[in-house]
Amino acid sequence: MNTHDQDRIQHLLREALPPTQPAEPARDLWPALLERLNAQPIAALRTVPLLDWALALGLVALVAIAPATIPVLLYYL
Amino acid sequence: MRDGESSVLDRFRQGNVDAFETLFRLHQRAVYGWVLRIVRRPDAAEEVTVEAFWRIHKAHARFDPQRSFEAWARTIATHAALDWLRSHRLERESLSESFVEGPAPVTPDPAVTAEIRNRTALAFGRLPPRLRIAALLAVVEELPHKEVAEALGISVTAVKLRVFRALRLLRRDLQQQGIAP
């Protein structure tokens, strides 16, 4: 593609997609952002792998069924 | 840099939400305007602006207060917009719509018909997003290559190469449709 072709295609592109005009958001975006910020701790909980949740539930079940295992578990923690 | 701004940037870096809101209020218009140049749809620009500031907040600890917040925010916003382009491949209808709603050329060339404009816009929408974004900023918005390179986090040579490849692909696409630029 020579310089002439390049200039022609650039001209065509500018005709098809004129530059955007200066603009600002139609609404205040802070509330939407704040909502995402507040949802962060819940989202972080969701990222905990399922295996970790299963292990935690297993430990709770073990302690409930056999409370005598608590000192053993504490020893290994 | 003034002491007040420096203090806000320091507090932002430490994760202070009030400082973050101050920076958001100061820069949201600039970031929105920048994103709009890339995604070219006001609703999408709002969505991407929120996403960009969300990423900025997540990366607060990595911000260097000695650097320009605006330039840093612009780079993050550019990547958020690029991700949006990748995940929202413009369909024929939506691109036509944005073309119709977009501003008309200041001095339209009478030799370029509305159909050719429409076909060019559609062909442009089919380009790979990383080429499209470089061409949008450098050719359509006529921004300096250095500024585009900083926003994309690539070299000036890489910008020139992407623009050249975008124009070459666009030309080939139009030629296949029987349009000789």
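**Domains, helices and contacts**

Guide: Chain B is divided into domain 1 (3-87) and domain 2 (92-176), with bounds from an automatic or database domain assignment. This is a predicted model, in which local features need pLDDT of at least 70, side-chain atom pairs count only at pLDDT 80 or more, and totals for chains, interfaces and linings use all residues. Residues are numbered from 1 along each chain as its sequence is written, while chains are lettered from A and ligands numbered from 1 in the order in which they are written.

Visitor: How many residues does the contact take from domain 1 and from domain 2 of chain B?

Guide: Two residues are in contact if their C-beta atoms, placed from the backbone, lie within 7 Å. Here 11 residues come from domain 1 of chain B and 13 residues from domain 2 of chain B. On the side of domain 1 that touches domain 2, H4(B) has the largest share, seven residues.

Visitor: How many helices and strands are there in chain B?

Guide: Helices (H or I, at least four residues) and strands (E, at least two) are DSSP runs, numbered from the N terminus. Chain B has nine helices and zero strands.

Visitor: How many residues does the contact take from chain B and from chain A?

Guide: Chain B gives 36 residues and chain A gives 27 residues. On the side of chain B that touches chain A, H2(B) gives the most, with eight residues.

Visitor: What percentage of chain B counts as buried?

Guide: A residue is buried if 20 or more other C-beta atoms lie within 10 Å of its own. Of the 181 residues of chain B, 38% are buried.

Notes. A residue is buried if 20 or more other C-beta atoms lie within 10 Å of its own, exposed if 12 or fewer, and partly exposed in between; C-beta atoms are placed from the backbone.
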